Amino acid sequence: SKRLKNLQICRPFIYGNIALPLGEDQRGPDTSPDHTHSWTIFLRGVNGEDLSDIIKRVVFKLHETYPNSTRSIEEPPFEVTETGWGEFEISVRVYFVPEANEKNVAMYHHLKLHPYGPEAEQQKAEGATVTSLQYDEFVFNEPTENLFEILTKS
Ligand code: SLL
């Protein structure tokens with residue numbers, strides 16, 4: 001559809017990971033013995049919305065030590081849960097719905113498993129959940145009328 005000139009519209013979102021040390025009770029028969037953590041990387045709206053109104057697909061590229069390391073998530077929630085032993089960079093590529101007529105965008109997230117900083121010792125002792133989140137915004141310049149309608153409804 002037509003593009004709206006001289007207009008910019010933003011949509012805020014959150015992406016990042018949570019991680020938990022794997023306790024003996026959380027290990028299944030298929031859990032690799034060298035895996036120490038369970039983690040989830042996700043991308044969603046700032047109020048927990050799934051963002052499927054503007055996003056068609058999110059591709060998470062994991063470390064090549066993972067089987068099928070390119071994970072294409074075609075439906076919300078846009079997230080991947082895994083177990084593992086190490087931290088690494090995850091590439092997160094977002095593909096928008098066709099009516100937006102926007103190029104895909106890529107971001108990077110450093111998967112965090114280990115607590116650090118002043119609270120680290122206590123967090124380790126408690127087996128606390130580690131969280132590493134980033135706030136960002138999709139910025140659409142001269143959006144299509146369709147995208148504008150999606151972003152301004154409700
Ligand atoms: C490191 N640069 O050396 C990092 C790489 C890779 C983490 C960390 C493997 C999972 C699996 C896993 O946790 N890889 O066995 O599928 O620390």
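## Exercises on a predicted chain

The chain carries 15 positive and 24 negative side chains, and the centres of the two sets lie 9 Å apart. Here Lys and Arg count as positive and Asp and Glu as negative, with His and the chain ends not counted; the place of a charge is NZ of Lys, CZ of Arg, CG of Asp or CD of Glu.

Before you start, please note that this is a predicted model, in which local features need pLDDT of at least 70 and side-chain atom pairs count only at pLDDT 80 or more, while totals for chains, interfaces and linings use all residues. Residues are numbered from 1 along each chain as its sequence is written, and side-chain values use heavy atoms, with hydrogens and water left out.

### Exercise 1: the overall picture

Task: describe the secondary structure, the extent and the surface of the chain.

Solution: 

- Step 1. Start with the elements: the chain has 2 helices and 8 strands. Helices (H or I, at least four residues) and strands (E, at least two) are DSSP runs, numbered from the N terminus.
- Step 2. Follow them along the sequence, and the pattern reads β-β-β-β-β-β-β-α-β-α.
- Step 3. Along the principal axes, the C-alpha atoms fill a box of roughly 55 × 35 × 25 Å.
- Step 4. Of the 154 residues, 37% count as buried. Buried means under 20% relative accessible area, exposed over 50%, and partly exposed in between (1.4 Å probe, protein chains only).
- Step 5. Among contacts with a separation of 6 or more, residues 24 or more positions apart account for 69%. A contact means heavy atoms within 4.5 Å.

### Exercise 2: the four-stranded sheet

Task: in what order do the 4 strands of the open sheet lie, and which strands stand at the edges?

Solution: 

- Step 1. The order is E4-E3-E6-E7, with antiparallel pairing. Two strands pair if DSSP finds at least two bridges between them.
- Step 2. Strand E4 (70-73) and strand E7 (105-110) each have a single partner strand, so one side of each is left without a neighbour in the sheet.
- Step 3. From one strand to the next, the twist averages 20 degrees. Axes are lines fitted to C-alpha atoms, for helices over the stretch in contact, and angles run from 0 to 180 degrees between N-to-C directions.
- Step 4. Check the pairs: E3 and E4 are antiparallel over 4 bridges, and lysine 61 stands opposite threonine 70 in E4. Strand E6 (residues 89-96) is joined to E7 by 6 bridges, with histidine 109 of E7 as the bridge partner of isoleucine 90.
- Step 5. In a regular strand the side chains alternate between the two faces of the sheet. In E4, Arg71 and Ile73 make up the covered face, and Thr70 and Ser72 the uncovered one.

### Exercise 3: strand E1 and its partners

Task: which strands pair with E1?

Solution: 

- Step 1. Strand E1 (residues 8-21) pairs with strand E8 (residues 130-141) in the antiparallel sense over 12 bridges. Arginine 11 stands opposite phenylalanine 138 in E8.
- Step 2. E1 is also joined, antiparallel, to strand E2 (residues 37-45) by 9 bridges. Asparagine 17 stands opposite isoleucine 41 in E2.

### Exercise 4: residues in strands

Task: are glycine 84 and serine 91 buried or exposed, and what do they touch?

Solution: 

- Step 1. Glycine 84 lies in strand E5 (residues 78-84) and is buried, with a relative accessible area of 2%.
- Step 2. Leaving aside neighbours within four places in sequence, glycine 84 is in contact with His35, Thr36, His37, Trp39 and Tyr66.
- Step 3. Serine 91 lies in strand E6 and counts as buried at 16% relative accessibility.
- Step 4. Not counting residues up to four places away in sequence, serine 91 touches Val59, Phe60, Lys61, Met107 and Tyr108.

### Exercise 5: backbone geometry in the loops

Task: where is the cis peptide bond, and what is phi at asparagine 68 and asparagine 101?

Solution: 

- Step 1. The cis bond joins proline 76 and proline 77, with omega about 0 degrees. Proline 77 is found in the loop between E4 and E5.
- Step 2. Asparagine 68, in the loop between strand E3 (55-61) and E4, has a positive phi near 45 degrees. Asparagine 68 is exposed at 65% relative accessibility.
- Step 3. Asparagine 101, in the loop between E6 and E7, has a positive phi of about 50 degrees although it is not a glycine. Asparagine 101 is exposed, with a relative accessible area of 53%.
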